[in-house]
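Please keep the sequence and the model in view while reading.

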Amino acid sequence: MKVCIVTFGCKVNQYDSEAVLEMLTEEGYIKVNTIFEADIVIFNSCAVTAESVKKLKKSLNSVRKNNKNAIVVLMGCVPQAFPEFRDSFKNVDIFIGNSNKNKIGEMLKNFIEQRKRIVCVEPFGSVSENFFVSKFSDRTRAFLKIEDGCNRFCSYCIIPYARGKIRSKPINEIISEVYTLAKNGYKEITFVGINLSSYGIDIGTNLDEILKMVALVPGIERIRLGSLEPDLVTEEFLIKLSENPKFCPQFHLSLQSGSNKILKSMHRLYTKEDYINITKKIAMLFKNSTITTDLIVGFPGESEEDFNDSIEMIKKIGFLKVHVFPYSARSGTLAAGMPNQIPKNVKLLRVKKAIAEAERQKGIILNNFIGKRLSVLYENTKQGKWYEGYTSNYSQSS
């Protein structure tokens, strides 16, 4: 049978989708690229914002309209965080959470045999799901999920409910996967996780330890890190990274707000001054380094002064890229019940302003690299004349 996976959300979800697809192809399923030719359509969902759920519903309706006979699977963060949604997703044949996605082959077999709807959302265990990816679709860089779950419970975030507590992938499994990826031609590995900075706290190791080991794998020329929590990026950790010759000096440090008042309300464990000090240490230790980040605007109680603090942080830090999101209330989180919710039109206006300033700063950062020679890992070619790829600091080149 032909299977297609549609992925919403973060790089962790992208990794999970590749792992599920590889697992199914090993069981005899054939991968196809569109929902229209598939016998089975799997949606790997994102629950971070209401908008992502809205897009999911639209895509599900499109499948039912254009491929009526397909078996439709909804897996991932939406079922896990909101199991009660099973009744509002009646057009789904298999409804499974993150805790059960490694059993998707078994569930497909049962549904094909019995044609009875399956709903399965269970609590998380204490270990990783033992996923393995040997090859990524249409990519020259590989993602490797080494950690899942989060223990932090920021006041706006549904992810601890969707992903469970921290679970780290054992070192021997990571190294085995890296060797396989290197053998298949991948030169750059990006480590990702829900709370990547906390890798190893449950199994007695740490992020630096695994990075040193991966740097020794033949064929791997670059190591990159996904999103890091600012309060866990210590000077000691940065010094160790600077000593790793294969580490890419691009740091994704989640800011979320430039206002100390809002950071406290969000239950973030740092101040804007802490954040600034970290970026200064990075600039001192890493040549040609860049910073990327996430920013939430319109959080409950965010005044114009608070928002302007965020704009000032964009200017002060000089981010290469800022992912700007309007605050989205998620049922079950503390922030959803906070007073002084910001009107939608105000949030959208602030998003527009923040993106405009972020783009201006991006231009300044890129102009600073004009005339410099940097290595590029090429990913795409256009008519055999132009090549596109990324430098180690994640500035795009062609």
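At what angle do H10 and helix H11 pack, and how far apart are their axes? H10 and helix H11 (residues 304–317) pack at an angle of about 10 degrees, and their axes are 11 Å apart. The model is predicted, with local features requiring pLDDT of at least 70 and side-chain atom pairs counting only at pLDDT 80 or more, while totals for chains, interfaces and linings use all residues. Residues are numbered from 1 along each chain as its sequence is written, and side-chain values use heavy atoms, with hydrogens and water left out.

**Helix packing**

- Two packed helices are described by the angle between their axes and the distance between the axes. Axes are lines fitted to C-alpha atoms, for helices over the stretch in contact, and angles run from 0 to 180 degrees between N-to-C directions. Helices (H or I, at least four residues) and strands (E, at least two) are DSSP runs, numbered from the N terminus.
- The angle between H10 and H11 makes H10 roughly parallel to H11; angles under 35 degrees count as roughly parallel, over 145 as roughly antiparallel, 65 to 115 as roughly perpendicular and the rest as oblique.
- From H10, Lys 272, Tyr 275, Ile 276 and Thr 279 meet Asp 309, Met 313, Lys 316 and Ile 317 in H11, where contact means heavy atoms within 4.5 Å. This contact has four nonpolar, one polar and three charged residues; Ala, Val, Leu, Ile, Met, Phe, Trp, Tyr, Cys and Pro count as nonpolar, Asp, Glu, Lys and Arg as charged, and the others, Gly among them, as polar.
- Helix H8 (residues 235–242) packs with helix H10 (residues 272–285) at about 25 degrees, with axes 10 Å apart, and H8 is therefore roughly parallel to H10. Glu 235, Leu 238, Ile 239 and Ser 242 of H8 make the contact with Ile 278, Lys 281, Ile 282 and Leu 285 of H10. Five nonpolar, one polar and two charged residues form the contact of H8 with H10.
- Helix H6 (residues 171–183) and helix H7 (residues 207–214) pack at an angle of about 35 degrees, their axes being 10 Å apart. In H6, Ile 171, Ile 174, Ile 175 and Val 178 meet Glu 209, Ile 210, Met 213 and Val 214 in H7. The residues of this contact comprise seven nonpolar, no polar and one charged.

**Aromatic rings**

- The structure holds 15 aromatic pairs. Rings of Phe, Tyr and Trp (its six-membered ring) pair if their centres lie within 6.5 Å; planes under 30 degrees apart count as stacked, over 60 as edge-to-face and the rest as tilted.
- Tyr 15 and Phe 136 form a tilted pair, because their ring centres are 6.4 Å apart and their planes lie at 45 degrees. Tyr 15 lies in helix H1 (residues 11–26) and Phe 136 in the loop between strand E6 (118–120) and strand E7 (141–148), so the pair ties together parts 121 residues apart in sequence.
- Ring pairs link Tyr 15, Phe 136, Phe 143 and Tyr 186 into a cluster.

- Ser 45 is found in strand E3 (residues 40–45) and counts as buried at 0% relative accessibility; buried means under 20% relative accessible area, exposed over 50%, partly exposed in between (1.4 Å probe, protein chains only).
- Asn 380, in strand E15 (residues 376–382), is partly exposed at 44% relative accessibility. Leaving aside neighbours within four places in sequence, Asn 380 is in contact with Trp 386, Tyr 387 and Glu 388.
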